[in-house]
Amino acid sequence: MKVLLTLLLAVCWLQLSAQQPSALSVHTNTKAQIRLTYPETWQRHRSEDRTEVTWYASTRRPAPAVVTLTIKPLPAGLQDEANLLTAGQPDSLWRRIRRLPRAQVLHLDQHDAGSHQEVRYAYTFAPAPGPTRTRVEGRRLWRGGYEYRLEYRATTDQDGRYLTPGRQLLASFTFTGTPPSRRYDEQRCDDKMYGIAALRFRNERWEDDCRTIHEFNVSAPAEPPRIHRQVLPFQSYALAKGFDNCLYSVTKAPTDTLERIYRYDPSTRQGRYTSWQLPPQGPENVWISAATDEYGDLYFMTSDAGQLVKVSPRDGQVTVLWTTDPMQKAPYYPAIGLDGTGSHGNFCLDDAHTLYQVYSTDGSILSVNLNTRQPGPERVQLSGLPKRGGYSDLLFQNDASGRRRLYLAGPKALYEVDMARREAHYVRRGVYTDLAGCNLFRVAAPVAAAPAAPVPTTATWRGRVLDAVTFQPLPQAQLQLQAGGTPTTVPLAADGSFTFAAEPGRSYAAHVQLAGYLAADSAFTTRTGPYVQDILLFPLAVGTTLPLENVQFTQGKADLLPSSFPALDQLISLLTRNPTLTIELRGHTDNQGDPQKNVVLSQERVAAVKTYLVERGIGAPRITGSGLGGAEPRASNAREATRKLNRRVEVRVTSVH
């Protein structure tokens with residue numbers, strides 16, 4: 001008796017737990033500033049680089065349902081796009097879906113939240129004919145030059161058990177703050193500074209390098225640098241650090257042609273050419289130095305200081321600021337401008353629109369007001385420097401505490417300069433052609449969230465008319481849409497696709513017909529902005545089963561809910577247009593209660609639907625029915641939200657003549 005009681009309690013506990021919603025766990029990524037929730041029974045797996053997280057609906061492999069979150073930077077050509085929706089990403093996704101075998105788009109719509117853009121989508125496809133198809137539902141969000149892709153994938157025969165929790169997981173994804181950005185305006189400079197190494201030791205001797213970059217921590221520049229060996233595709237004298245924490249450089253080759261700027265990302269150790277081009281600098285001139293201003297614009301100067309060019313990474317605009325060296329107006333210019341003397345083309349910028357230059361022969365510092373193009377009144381001589389020439393660059397930089405520092409690249413060492421005392425102090429050994437940094441001015445204030453885009457005043461509905469069994473396009477079908485007044489005939493392309501400009505939020509009656517198919521009458525409410533949704537036509541054949549969407553009943557009763565009437569009225573229209581058509585109504589229940597009583601209840605529900613049809617003019621002999629109880633669930637019976645989907649009636653064609 002004790003064993004029997006224990007078994008009874010265990011069974012009751014299992015039944016009770018099966019009806020309770022699964023507890024949820026929280027997944028966060030503080031670096032990406034995202035959060036979502038998932039059923040705690042699902043298994044989570046992270047990739048080693050943490051850019052991909054996968055949730056498996058069970059421990060067995062392959063899992064019956066999988067949700068994957070992927071975070072990755074956009075391709076180079078899309079990183080600076082302000083709005084990925086207008087850049088064609090939704091169209092690209094729709095084209096990719098259409099290339100899948102027997103694909104049906106359930107929905108594909110887009111949303112511009114201002115701070116980010118998003119596409120939500122759902123579709124099914126099948127590599128081979130058959131009742132089982134693969135369902136994919138997901139979200140793609142673009143923010144700050146990154147794509148966040150969250151996608152549910154399972155076969156349609158798993159819909160009843162896993163689709164609802166999968167959708168809840170998708171819906172729970174949210175941003176918790178400002179994510180890392182590859183858009184230039186949202187970047188925050190880190191505390192790294194860089195220098196192009198002029199020499200390298202190879203085969204027991206020193207030789208020219210100018211392609212290797214040394215990375216320093218500003219708070220401890222005397223410590224050994226992190227070396228990015230031979231990462232530039234050319235020898236270079238000029239290096240600037242952008243607000244995106246990437247380095248920008250150009251070849252030192254003395255050519256009289258346009259020069260493309262190269263971008264190198266120290267975090268990934270990857271580089272590529274940008275589309276930005278510097279103007280010709282003259283056959284006997286080179287781009288000798290580069291710097292960054294307080295707005296993140298990049299500056300490049302020639303070795304004779306005769307040309308200064310600004311590049312704006314926000315829009316790629318290249319502006320020539322001067323073509324004549326302003327220092328020629330300085331009273332001390334005759335002492336530094338003689339042929340055969342040193343160069344003063346190496347420079348840096350401060351936050352007061354002043355450009356500082358270093359005279360390569362003795363390390364003295366010059367200045368130019370960028371607004372007036374007037375040189376400073378004096379040439380500042382520094383103590384603490386060796387007499388030998390070879391001074392190659394200056395860099396203003398703040399350390400982590402906010403202390404402002406000025407660095408000077410000397411002939412064999414890096415120095416820190418005290419401008420108030422006009423002294424230079426040794427920091428470390430090293431020969432550098434140019435220094436680069438960008439956090440010298442201030443800590444940038446957080447960027448305010450962009451306002452939401454204006455609500456579109458049009459709704460472009462695109463889709464295809466497809467065979468509901470083979471999912472092949474039906475371009476010969478006739479499609480009419482109506483929202484009051486005269487119906488509009490919508491032409492179909494050769495692939496069965498259509499485009500219709502509608503009013504947002506308005507309900508349209510869609511009528512589709514084609515010989516050999518059951519004419520379809522459906523109501524669609526257009527969403528704001530462009531979206532995609534396919535329309536299915538069922539073949540006019542014995543055995544075709546039609547779902548009666550939204551025909552539902554009060555729990556435990558055969559009372560039709562008022563929300564069922566529109567779908568039943570559409571069935572009446574179908575039977576009226578096809579007077580020789582006969583049907584079988586198939587009733588279903590959930591699994592609550594006694595199974596035999598559920599069969600009786602499903603029969604009563606079939607009778608309720610038949611009564612509704614007969615009272616509105618459909619002949620009773622054309623309608624048969626059967627009650628199946630809870631034997632064929634369409635969704636999970638674990639909770640009421642999905643149990644109600646199992647309380648349904650379907651229509652099966654029994655005769656067409």
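## Basis

The model is predicted, so local features need pLDDT of at least 70 and side-chain atom pairs count only at pLDDT 80 or more, while totals for chains, interfaces and linings use all residues. Residues are numbered from 1 along each chain as its sequence is written, and side-chain values use heavy atoms, with hydrogens and water left out.

## Aromatic pairs

A pair of aromatic rings is described by the distance of the centres and the angle of the planes. Rings of Phe, Tyr and Trp (its six-membered ring) pair if their centres lie within 6.5 Å; planes under 30 degrees apart are stacked, over 60 edge-to-face, and the rest tilted. The structure holds 18 aromatic pairs. In one of them, the rings of F216 and Y432 have centres 5.8 Å apart and planes at 85 degrees, so this pair is edge-to-face. The pair links distant parts of the chain, 216 residues apart: F216 belongs to strand 12 (residues 205-217) and Y432 to strand 30 (residues 432-436). Strands (E, at least two residues) and helices (H or I, at least four) are DSSP runs, numbered from the N terminus. F216 is buried, at 2% relative accessible area. Y432 is buried too, with a relative accessible area of 2%. Here buried means under 20% relative accessible area, exposed over 50%, and partly exposed in between (1.4 Å probe, protein chains only).

Y415 and Y426 form another pair: their ring centres are 6.1 Å apart and their planes at 80 degrees, so the pair is edge-to-face. Y415 lies in strand 28 (residues 413-418) and Y426 in strand 29 (residues 423-429), 11 residues apart. Y415 is buried at 8%, whereas Y426 is exposed at 51%. Elsewhere, Y121, Y123 and F125 form one aromatic cluster.

## Charges over rings

A charge sits over a ring if NZ of Lys or CZ of Arg is within 6 Å of the ring centre and within 35 degrees of the ring normal. R143 places its charged end over the ring of F175, 4.9 Å from the centre. R616 lies over the face of Y612, 3.5 Å from the ring centre.

## The cavity

A cavity is a set of points on a 1 Å grid over the protein atoms alone where a 1.4 Å probe fits but cannot get out; lining residues have an atom within 4 Å of a point. Points are joined across faces, edges and corners, and volume is the space filled by probe spheres set on them. The whole structure has 1 cavity of 30 Å³ or more. The largest cavity holds about 70 Å³.

Its lining has 14 residues, with A291, T292, C348, L395 and G437 nearest the centre. Strand 18 (287-292), strand 22 (347-349), strand 26 (393-398) and strand 30 each give two or more residues to this lining. The lining divides into 12 nonpolar residues, 2 polar and no charged. Nonpolar covers Ala, Val, Leu, Ile, Met, Phe, Trp, Tyr, Cys and Pro; charged covers Asp, Glu, Lys and Arg; the others, Gly among them, are polar.

## Cysteines

A disulfide is a pair of cysteine sulfur atoms within 2.5 Å. The count comes to 0 disulfides. For C246, the nearest cysteine sulfur is that of C438, 10 Å away. C246 is buried at 3% relative accessibility. For C348, the nearest cysteine sulfur is also that of C438, 14 Å away. C348 is buried at 2%.

## A loop residue

L338 is in the loop between helix 4 (333-336) and strand 22. L338 is exposed, at 52% relative accessibility. Its C-alpha atom is 27 Å from that of D208, 130 residues away along the chain.

Methods
1 Å grid on protein atoms, 1.4 Å probe; cavity = no way out; pocket = protein on both sides within 12 Å on 5 of 7 lines; lining within 4 Å.
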